[in-house]
Amino acid sequence: MSIKKILESAILAPSGDNCQPWSLIVKGNQINIINLSERDTSLFNFCQRASLIAHGALIENILIASSASGYNIKLRPFPDNLNPNLIATVELGTSEVRDESLYPYITQRATNRKPYKSIPLTAKQRNTLLNTSSVFANAGVKLVEELDRKAFIAEAIALTDRLVFENPYLHSFLFEHIRWTKEEALKTRDGLYIKTLELSAPQAIGFRLLKNWSILQALNKFGLSKIAAKQAEKLCLSASAIGIIIVDGNTDEDFLTGGRLVQRLWLEATRMGLAFQPMTGLTFLIQRVLAKETKEISTEHIRLIMNAFDSIVSAFNLSKESMVMLFRIGHSSPPAARSLRLSVDQVVKTE
């Protein structure tokens with residue numbers, strides 16, 4: 001397998017609203033991974049942590065694809081203190097091809113926003129998911145499967161959907177990244193293709209009207225944002241489990257590691273035929289509020305975010321860990337569509 005094929009796997013990593021905040025510079029057998037901070041300016045992307053998680057997922061794809069194609073890897077995260085956007089360098093050296101069971105699932109991994117079937121995880125599935133973190137010293141996975149605890153968490157997670165319809169900054173960023181037609185999705189190859197949201201035809205028409213902030217504000221007087229939250233809560237409750245990925249620290253490298261675990265967990269879920277949806281916006285809003293970076297967030301929303309924070313800490317029995325990502329996992333039919341990616345030629349530069 002060529003380096004180009006490895007990079008084709010790398011850029012299939014997930015990113016917030018499919019912003020794809022990366023550029024890859026290849027020098028011989030060295031890959032420099034660059035963060036493009038201007039690609040994700042969402043209120044969710046506090047301290048570029050959403051992008052760091054995305055870069056971690058990209059790095060994990062590189063490591064898996066390289067292992068499956070006869071390369072060993074030397075990874076150096078943040079090698080230049082004067083250039084914080086240089087996320088990592090990866091040096092490839094030849095090695096024996098190793099059996100990498102997750103490699104075939106890189107191309108199959110996708111976000112599934114459909115309702116899930118209320119089928120419990122098997123003991124094998126549960127143990128596989130929980131053991132995914134064993135290769136990372138400072139990261140972990142927790143799952144909640146009991147209905148009463150899931151309900152507690154689902155109500156907290158659903159707050160994100162409400163805030164997207166009540167906060168003008170979150171609203172604006174989301175609708176700027178919706179691709180309304182297949183032609184538009186093919187042209188930009190980024191953002192969220194409307195069909196990935198799993199809306200019915202009438203819902204899709206109504207959703208397009210919500211792009212107008214004035215119309216949305218008027219509808220919120222009749223409780224639209226709270227209805228959206230209730231729908232999100234229902235989706236959460238349909239899952240076999242709601243989970244969280246955590247890291248021990250709070251550094252950029254910790255969140256990069258968290259992103260690597262996100263990808264490995266997601267690939268394991270895909271390998272077992274399980275549907276997976278990240279539900280992570282709330283974790284970044286919590287971090288923003290805890291850091292008192294709240295000029296774009298109302299006092300009432302700060303109160304709701306902190307209440308949700310308390311609920312999540314209690315339900316998952318957290319202490320001082322940092323939250324990387326919330327997610328739901330379970331059984332469902334395949335997603336209706338997948339968002340596209342920029343091509344390797346658009347992302348990779350060779351020097």
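Biologist: Is R189 buried, partly exposed or exposed, and what is its relative accessible area?

Modeller: R189 is partly exposed, because its relative accessible area is 28%. Keep in mind that this is a predicted model.

Biologist: Where is R189 found?

Modeller: In the loop between α7, residues 182–188, and β7, residues 192–193.

Biologist: And what is the phi of R189?

Modeller: Phi of R189 is positive, about 60°, although R189 is not a glycine. N18 also has a positive phi, near 55°, and N18 is likewise a residue other than glycine.

Biologist: Where does N18 lie, then?

Modeller: N18 lies in the loop that runs between α1 (3–10) and β1 (22–27).

Biologist: Buried or exposed, that N18?

Modeller: N18 counts as buried, because its relative accessibility is 4%. The cut-off for buried is under 20%.

Biologist: Let's step back. How many helices and strands are there in the protein?

Modeller: The protein has 14 helices and 11 strands.

Biologist: What radius of gyration does the protein have, and what would a compact globule have?

Modeller: The protein has 351 residues, so a compact globule would have a radius of gyration near 20 Å; the value for the protein is 20 Å, which agrees. The C-alpha trace spans about 60 × 45 × 40 Å along its principal axes.

Biologist: How many of the residues count as buried?

Modeller: Of the 351 residues, 56% count as buried. The protein exposes about 15,800 Å², and carbon and sulfur atoms supply 53% of that area.

Biologist: What about contacts between residues at least 24 apart?

Modeller: Take the contacts between residues at least 6 apart in sequence: 78% of them join residues at least 24 apart.

Biologist: Charges next. How many positive and negative ones, and how far apart are their mean positions?

Modeller: There are 41 positive and 34 negative charges, and their mean positions are 5 Å apart.

Biologist: How many disulfides does the structure hold?

Modeller: The structure holds 0 disulfides. For C47, the nearest cysteine sulfur is that of C19, 17 Å away.

Biologist: New topic: K74. Which strand is K74 found in?

Modeller: K74 is in strand β3, which covers residues 71–77. At 49% relative accessibility, K74 counts as partly exposed, since exposed means over 50%.

Biologist: What does K74 touch, leaving out residues up to four places away in sequence?

Modeller: With those left out, K74 touches T89, V90 and E91. K74 and T89 are 15 residues apart along the chain, and their C-alpha atoms are separated by 8.1 Å.

Biologist: Last one, T294. Where does T294 lie?

Modeller: T294 lies in the loop between α12 (281–290) and α13 (299–316). Its relative accessibility is 21%, so T294 counts as partly exposed.

Biologist: And which residues does T294 touch, not counting those up to four places away in sequence?

Modeller: On that count, T294 touches R288, V289 and I302.

Biologist: How far apart are T294 and E155 in sequence and in space?

Modeller: T294 and E155 are 139 residues apart in sequence, and 22 Å apart in space from C-alpha to C-alpha.

Key
Residues numbered from 1 in each chain as written. Predicted model: local features only at pLDDT ≥ 70, side-chain atom pairs only at ≥ 80, totals over all residues. Heavy atoms only, no water. Helix = DSSP H or I, 4+ residues; strand = E, 2+ residues; numbered from the N terminus. Rg over C-alpha atoms; globule rule 2.2 N^0.38 Å. Buried < 20%, exposed > 50% of the residue type's maximum accessible area, 1.4 Å probe, protein only. Contact = heavy atoms within 4.5 Å. Areas by Shrake-Rupley, 256 points an atom, 1.4 Å probe, with all protein chains shown as cover. Lys, Arg positive; Asp, Glu negative; His and termini not counted. Charge placed at Lys NZ, Arg CZ, Asp CG, Glu CD. Disulfide = S-S within 2.5 Å.
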